[in-house]
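Biologist: I'd like to learn how to read a protein model. Can you walk me through one?

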Amino acid sequence: MVGSPVLFVAIPLLTAFLIPLFAYIWKELVRIIPGIVILYLLVLSVSLYGQVLREGTIVEQIAGWAPPWGINLVFSPFTGLLSTLMLFMAFIIWMYSYRFKNIDFEPSKKYFILLLMLVTGSIGIVLTGDIFNQFVFIEIMSISGYGLTAFYVGRDSAEASFKYLIMGSISSMFLLLAIILIYSQLGTLNMADIASKAHLMKPEFKILALIFFILGLGIEAEIFPLNGWAPDVYSQAPGPIGAAFSGIVVKAGIYALIRVIYTLFDVEGSLQFLVIIGMITLIIAEMAAIRQDKIKRMLAYSSIGQMGLVLVAFGIGTHEGVFAALFLMVSHALIKPLLFLSGSYLVFNSTEKSIKELNGLGKFMPLTSFLFALGAIAIVGLPPLSGFWAKWSVLTAAANSGMLLVIGLVLAISIVEIVYYFRVVNRIYFFKKEESVVPKIPTINAKFAMVILAVIIVAIGFYPDLITSYLHEASETLLDKGNYIQNILSVAQQVTQ
Amino acid sequence: MNSIVIIFLIFLAGAVLTYIGQRLSNILGSSLFLLTIFAATAQFYLRVNTGDIFSFSLNGLEMEWGITPISWLFSLIVLGLGSMAAVYSISAMKAKERLGYFYFNFIMGIFSMMGILLSRDLVSFFIFWEIMTWSSYMIVIYEGRSVQKVGIKYFLFSAIGAYAMLMAIVIIYSQVHSVLIEDLVYSFSSFTLAYKIWLPILLLTGFGVKAGMMPLHVWAPGAYSHSPMAYSSLFSGALSKMGVYGMVLVFSMLITQIPEHLLIREVIAWLGALTAAIGTLWAIAQDDAKKLLAYSSVAQLGYIITGVAVGTELAMLAAIFLAVLHALFKGTLFMVVGAIEKQTGTTNLTEVTGLIRKMPWTFIAALMSIIALAGIPPLGGFVGKWMLYEALIASDHYILVVLIFFASTAGFLYCYKFLFGFFLGQEEKEWAHVKEAPATMVVPMLIFSVLLFVLGTFPGLLLKPIDIGMQELGYAASEGHYWTMSVLFNEYGNAIMLQPILYAIIAIFLFFLVFLTAKAFKGTRYVSTKDISSSGEVPGEFENLSFKENFFQPFLRAVEPVMKRQIDWYYTLVGNGMEALFNFVRRVYTGNGQTYAIYAIVFLVILLLLKSNLFG
Amino acid sequence: MDQVKFDISLIEYGFFISAILVIMIGLYGAMVKKSLIKIVIGLSILESGVNLLLITIAYVQGGTAPIFSPGLLKDMPLTVENIKALGAGMVDPVPQALVLTAIVIGFGVTAVALALVIRLYRHHHTLVIDEIKNLKW
């Protein structure tokens, strides 16, 4: 064994708190150490993932307490895929943030501490097999999220952060209520244990717990009408953090929601509910996006909409549906950060961050503009980029389940998406530059980070088979609930014997 | 390696290399540009045979590239027009900015069109279709900010069409579990009736957008007239033909399998005829040559759509024949306008005048294409239009014939306007400096003019491959050659040539030529230039009264009710309405954190109230 | 040991209802009050309410603290049965552990919230939430 899943939580958390100490040794370490840690975890995640694909799911018990009593971490083909994706995005974001905005020493310390905690929280959510532990990780993620959102003084960032905090508190209330309900009924907090005993629960309590979960996790997964905080946060947080939100944090939220709906309970109708709420989220968000005049806010609404589409795909419920949802998650996790990263360099020196200020930057910042345009083309699903294959998978999955209305609506909404993205791209390339705008050439590491994303997007676009087999494996794992329960509880048997 | 793959690789590598080369030096870029297109063309004609197939699997989908007789036929248009337009654009685009960008997208355009023709499965068809859309979109917006609205409109309509098509494709995939076109054709008869009707409609919407069919044509006039003319010839000549190609496939392979096919056929045929009629009227009203040609393209494609939709052997034959001819003459005409724009700096028909002596070769090319466009013998347009009329009459579409005939006759008006406006009339001092366009621009036009003449004289040259293609599409071969069904070939000529009619026409033509020349020899009588015509109207005091200014006023006044409002207007209305709605909807995000908290509680209450409905 | 049951008695109902009431009060504070400070207080009360509820479900009537001391096992042999029997008389320890965690988290959130309130006051010079709406639509 190369390493254990517990390192994914332990190392970054430890490093985060040690960073102030490193600062005493050499100030540059504050920036370097997080990168090394994330890179190490990424390598670890990739190698563990390979091992998991060969040998099956790894279940790690913390402190020797066997499930269902102790807390356990599950590294399956599904969670492994997500954690690898998140660490990769974290690495890209670290690379991009290195010397971003020439952050002074003091903020950079806070920035990287919070970033590491954000990553820890997100990965913890994905890996943990215990609902209360998941709650704790969600809180770690949210609190570092509040901090990162309010990172810049002088913008309206505190306002956004405060809204996020109100919603986050409500979310944690609902999560705790759901946990209380489950614990009072079943006397366990382990996901596998809950899943195997869910039928013992009184149906009305089960549905009530599900509703509390939907509210609590829906706030993190940005479903309508719980997503009011999201556009503010995305637009006020520093650029790379916007990318982290769309590439890492939301994905963790979606994961938690999906885990509840797919594994914890199988309440009839919950999948249809996902389709309905996902569709509403998609439609409202894209409608709101078209009239935005702030670039990041537009991207935020677009991101919310895409998450709605992911939920729709999960709601289809077939293997194809889950596959499509994962494809969309991966593809979105690559494209939206690219848009955020390049977009925030396009409006680097401006205080307004409005779309108007992008006018004519194509000539002054050719690479950044090109990458933004590429991301825009990819996100609206034009072939031959990865967005097309994701959209194609969603549509075929919907078609195979006979959801023609869903196909029609998704395509109609895509047209709206095309309109607002192309308006921006046209501005970048074909308008005259505003006099007041001072273009800023990205640092070399930021360029490198963005180019990596772009290359992957193009590669997947031309040859989707690069990732499809992993996605199939992952969706297989998610759907095979019996196997999940058995994997975890069998560890318990081994221990007791 | 498979020869089809090699072609694609040549295009892709060529596009990138040209882009890079253009950055290094102008000559390198241009020569790489030409080299790419000619290398691919040569590779295609020398190495690829009908029946070559390349299959592969991507994302779990079986895909196939291959070439059929019908796609070979359309590839003639693409590569022929593409290579000539490429030669033309070298001089036409000289000294323009961002040439690398232009060349790149030009090559990608041809690449994607070839891809569409070579795709034997729906997914690669769609992918190439989208590449075609965005590469042409990039050229439409080449001019910059002024055309951004035009560009968005073009892309929006293309997207609507493409997504209609994508919806059809995913439904087909869910039904057939294969994206190969042959599997679709094979199992189409087992679909339910609703699918049998809706799938072709969705597909036809997609193709109809590119072919500029009413009421989806609104993007076309702007897009055709705002792209650089070197590309417009390809755009109107070849790119729109991809829509026709798709329609041909749908009508001959799918719609024939529906028992209720007549209604769809009628509707599309009517839409085609209306497109032709209204497009013509709008063309007449234009004073700008680019706009005029753009509307004329819309109108001409209307004829083709009608022919394809009616779909009898003769109608299909006529439609495909017209499609090839349209590529030739409209390609030439756009090139002519491009040449004139380059030499004079304007394309306004009311300003430019008397270029016949300054640009004689351009004039000849324009004359030939105009004759072909108007459908006057002995050029090819006549053969095509004749066959179309005949097919329509033979299939009892009398009203359609009237409509098309009206469009065709009214078409003379703008043909005349175009020819007269630019070339004839008084020479003005303003244009005294104008010279003939460079040879590389003139030669492609002349080649096409000669081709037009050849095809008019020996239509069999083209009819034969069309014949083979149609047999591939499932038209029974029992009758032998389809064109023998036409009166034209039965009574006035043998199967291939139109000799008697041809000679008669040539004689008349020569006579007029001699007559005109003789008349010209008498010497020209000069009058002041701008008081020639008032078309029976009472002239105002300070009006430009040359032939070109408001020349068709009475006519336009007569058809005014039809032209009162562009369809654009309704689309704009819908679009603005949608945006207002969206603007209203986004106000749910009030900006107040407490409101969001209240939303959460309201959402909880709604879920609790509906829990028995939502969760079983 | 028979009298120890998980039956919900009147007292427990009282606990439940008062916990839920506290949650309601917290929600009211967070959703209706206009002052940022009061909202933060509301959220804090909300947390406490949830924590109370969590403790309530762990309550066993007449139960003792969940600590195994040697004195409890005096003369009994150390068998699984005996340990289980002893445990039944104790309050469930898991929710208490959870509540401890939740309290710490709640404390952290409140601290962040108050820090944000200070930032907001410096930026907007007001504590009325209706006037802090620069980000909308």
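Modeller: Let's go through confidence, helices and contacts. Residues are numbered from 1 along each chain as its sequence is written, and chains are lettered from A and ligands from 1 in the order in which they are written. This is a predicted model, where local features need pLDDT of at least 70, side-chain atom pairs count only at pLDDT 80 or more, and totals for chains, interfaces and linings use all residues.

Biologist: What scores does the model get for ipTM and pTM?

Modeller: The ipTM is 0.90 and the pTM is 0.89. There's also pLDDT, the predictor's confidence in each residue, from 0 to 100. Chain C averages 79, with 71% of the residues scoring at least 70. Over residues 1-6 of chain C, though, the pLDDT is below 50.

Biologist: How many helices and strands does chain C have?

Modeller: Helices (H or I, at least four residues) and strands (E, at least two) are DSSP runs, numbered from the N terminus. Chain C has four helices and zero strands.

Biologist: At what angle do α3 and α13 of chain B cross?

Modeller: Axes are lines fitted to C-alpha atoms, for helices over the stretch in contact, and angles run from 0 to 180 degrees between N-to-C directions. The two axes come within 10 Å and cross at roughly 5 degrees. That makes α3(B) roughly parallel to α13(B) (under 35 degrees; over 145 is roughly antiparallel, 65 to 115 roughly perpendicular, the rest oblique).

Biologist: Which residues make that contact?

Modeller: Two residues are in contact if their C-beta atoms, placed from the backbone, lie within 7 Å. Among them here are B:Leu73 and B:Leu76 of α3(B), and B:Ile320 and B:Val324 of α13(B).

Biologist: How many residues does each chain give where B touches A?

Modeller: Chain B gives 43 residues and chain A gives 51. On the chain B side, α6(B) supplies the largest share, 14 residues.
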